[in-house]
Amino acid sequence: MSATETVLASRPHRVLPIREIASRSAIFLLLGALVVLFQFEEPAFLNLGNLFSILQAVSITALLGVGITVTLAVGGFDLSAGSMAAFSQMAASYVLVVLQGSTLDAVIFCLIVGAAVGVFNAILIVFVGIPDLLATLGTLFLLVGLELIPSGGRSIATGAILPGGITAKGSFPADFLALGRLHLGGVVPLPVVILAIVALVVWFVMERTRWGRVFYAIGGNETAARLAGAPTRRYRAAAYVISGTIAALGGALLAARIGRGDVSAGNSLLLDSVAAALIGYAVLGVNHPNVFGTVVGAIFVGVLLNGLTMLNAPYYTQDFVKGAVLVGALVITFGLRRKRS
Amino acid sequence: MSSTAQISAAAPLIAFTQVSKRFGSTLALDRVSLRLDAGEVVALMGANGAGKSTLVRILSGVYPPDSGEIALSGKPVSVTSPKMARRLGIFAVHQSIAEIGVPGLSVAENLTLDRLCAGETKAIVSRRQLRRTAAAIAAGIGLEVDLTQPLERLTIADQQLVAIARAVASNPAIIIFDEPTASLSQLEADRLFQVIDRLRERRVAVLYISHRLGDLKRVADRVEVLRDGRVVESFNRPVDFGAAIRAMIGRDLHSPAVRSAAIERATPLLVLDQIRLRRDAEPFDLAVHPGEVIAVTGAVGSGKTSLAEIIYGVRPPAGGTMSLSGRPWAPHGPDRAIASGVFLAGENRWRTSLFPASVPFASIAGTISFPFLRAWFPTGPLTGRRERVAAEHGVRAFGIKCRDIDDRLETLSGGNQQKVVVARWHAEPARVLLLDEPFQGVDIGARTDIIRALRAGASDRATLVFVSDHEEALEVGDRIVVMDRHRIVDDQDRETIDLLRLLSAAESNGQDASRP
């Protein structure tokens, strides 16, 4: 046990046990298998247009998932992200159609509302001390209800009649619609580009900066983080502001894609984005929330649904398929992990 | 090697024969043979990673041996699960409080928990019946507490006694104590030893695992020394503990003779003036000079941790003022303290210092650098080699056994984890270094390494080490400060210390503390 002669020898080759390898690459192996299968059944699957349509379909889900990942990293959970996006979608429509604001007005308003809701969540959780799940569940309900009030429960489009008998005269300007519909170079959808930029920035912050370290440290052991000098309350609050702002951005993109303020839009957003974040735990076997995993998780679900649709699987099987994927990923994360006694 | 002279002709209560266990590339147990007779207290000594925990876990059915035989009263058995172990009469009392019982239930309910869970009681349990059964169990080991209060209100020592009472109530053949005195004061430990004496009278075999020599001297009939997975030597009473320690660490133990040079007592670095730890506690003064290593000792709950936290700025004192290098010192939070060179390595490393495996950077390097990220990477991105250089230096200075600085914390032994914690607070020059119970669950070898490294870096700073164990205090401190009831009751140089006074001050629990 002599410790004076410490070994800092060259790193020996680490032999990974088979379950470790399985756990690390499972999602990618499955994804590869699915692609081969779909390509075999439907040769149009692997064309560029279809691949980007998959990415476009998952871009808003993935965006919300990235925000949720930050809250998961601090040991929290933002259940209000989905309704935040839906609310922001209605808010953008209201600014454009009812108040006849510009594209910039709408986007900035959405982001401000998103950050404000994040601050509201942070106050409930960090300062009032309500557990994350309960506080954001409360916010979820507030937002679902609040988005209906200005329009009297109706969807917002040009010509819609609002409470008080006013007719909305504005419309969605072309440059706003472009946010959801433009294809850069005729190929790459703008929402995919926005997702890529946001995901890259958040990934960099979480993985390559000292701020990311603090986020993860708080989620792992808040006492240890605080005793090491980290302002833990500020960081936990920041996580909800980030999540709320990103969700609001997602909502603006959603409004641009639909082209009106739809009261039922965004119903499945929360579950889909939470699923993406949780599937992300299994990616590369890291067993913790991570931005890269979340994006891969969202794409994985997108590929699966797109392929099944091409194979004429009925639409009503979609949720079942998503559930199966999520459970499978959780089994990989928690079941294949080396059990510590 | 095993030269127990008084082995009776009868088969031993339990016998391990040539038991081996391998984890990956490490041979945790290498053909271990060990026997325990009824009414015998056998102490297991060994450095961290010597195989003590593996042996205990095999015995209590957590995992099976790869080869070898376990026999109970001469009959081979296979202990396949903890439940099976309990049925065979094998009970383990762990040091961690989490495994002791259900905190919210009453003491009486906890004492009868095993019967309730095993379905040995009627479906409807009368409260009076329950209390009567519990009272009998408590009386069996001399546990004197209010049985109606919830378990969590008891002191840690009493909670541990409840766990022991539970084990005793189930008519055990063997009880395993794993570091039972880690969080006990001397007085509380003495009560535990009395319980062990009773167990011995009741012909229970006891396997006792501890790093504390004082404990072993008090309770052990026989000492078995494990090193690198093998039983290297076995000692009968009277045990030659010097030889046992040599056998355990495989080298001679040098007391940390590196005394600091004559300390300039002219200008104190840290001064506490009429500090009150609590509103109802008496105020006290303390002056610490550069180069000094002070051991602050006292029973659990005497206020050591409060003092450390107040100097570190976790919370303000209830009264009085502090100064650092002649300037007023009233930090608001650890971040201010760290920026000013006042560092605290908290007690219970997994609660206060280390990050669990779910944290991506829970490695040696990530743990060491964490408090200094803002100073080292002011712009944000983690660039350059600063973190790696600091970690490699820490690994060398403290002799941390690892493959490299990216090793995950949970793969290190307890002693090496603790070295990482102490190494962290040497990554930047400290003005005041506070270490709260830095030798918890650390073997003698690692302790010596830590003390040596502490002394090597102590020359320009004030070092305060908070330990409840007197031997540790004498080993580490140039000056010994004794606390009791949230105040300082004694303060002496190590060279001139009156040991008797130190012990009485620490153990009187304030009844008749010898005041300076």
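Chain A has an average pLDDT of 88, and 94% of its residues score at least 70, where pLDDT is the predictor's confidence in each residue on a scale from 0 to 100. In residues 1–13 of chain A the pLDDT falls below 50, and this stretch has 24 contacts in the model beyond near neighbours in sequence; two residues are in contact if their C-beta atoms, placed from the backbone, lie within 7 Å. The model is a predicted one, in which local features need pLDDT of at least 70 and side-chain atom pairs count only at pLDDT 80 or more, while totals for chains, interfaces and linings use all residues. Residues are numbered from 1 along each chain as its sequence is written, and chains are lettered from A and ligands numbered from 1 in the order in which they are written.

Two packed helices are described by the angle between their axes and the distance between the axes. The axes here are lines fitted to C-alpha atoms, for helices over the stretch in contact, with angles running from 0 to 180 degrees between N-to-C directions. Helices (H or I, at least four residues) and strands (E, at least two) are DSSP runs, numbered from the N terminus.

The crossing of α3(A) past α10(A) is right-handed; a crossing is right-handed if the near helix is turned clockwise from the far one by less than a right angle, and left-handed if anticlockwise. On the α3(A) side the contact includes A:Ala81, A:Met84, A:Ser88 and A:Ala92, and on the α10(A) side it includes A:Ser243, A:Gly244, A:Ala247 and A:Gly251. By class, the residues of this contact of α3(A) with α10(A) are eleven nonpolar, seven polar and no charged, where Ala, Val, Leu, Ile, Met, Phe, Trp, Tyr, Cys and Pro count as nonpolar, Asp, Glu, Lys and Arg as charged, and the others, Gly among them, as polar.

Helix α10(A) also packs with helix α2 of chain A, residues 48–73, and here the axes come within 8 Å and cross at roughly 175°. That makes α2(A) roughly antiparallel to α10(A). Among the residues that meet are A:Ile60, A:Leu63, A:Leu64 and A:Gly67 in α2(A), and A:Tyr240, A:Ser243, A:Ala247 and A:Leu254 in α10(A). The contact of α2(A) with α10(A) consists of 14 nonpolar, four polar and no charged residues.

Helix α3(A) has a further partner in helix α4 of chain A, residues 103–128, with the axes 9 Å apart and an angle of about 145° between them. This crossing of α3(A) and α4(A) is again described as right-handed. The meeting residues include A:Met84, A:Ser88 and A:Ala92 in α3(A) and A:Asp105, A:Phe109 and A:Val113 in α4(A). Their classes are ten nonpolar, two polar and one charged.

In the loop between α3 and α4 of chain A lies A:Gln100, whose phi is near 55°, a positive value in a residue other than glycine. A:Gln100 is partly exposed, with 13 other C-beta atoms within 10 Å; a residue is buried if 20 or more other C-beta atoms lie within 10 Å of its own, exposed if 12 or fewer, and partly exposed in between, with C-beta atoms placed from the backbone. A:Ile149, in the loop between α5 (132–146) and α6 (174–181) of chain A, is exposed, with 10 other C-beta atoms within 10 Å.

Turning to the surroundings, the contact between the two chains takes 29 residues from chain A and 41 residues from chain B. On the side of chain A that touches chain B, the largest share, six residues, comes from α8(A). By class, that side of chain A has twelve nonpolar, eleven polar and six charged residues. Chain B itself has 19 helices and 20 strands, and buried residues make up 47% of its 516 residues.

Notes:
Parallel < 35°, antiparallel > 145°, perpendicular 65-115°, else oblique.
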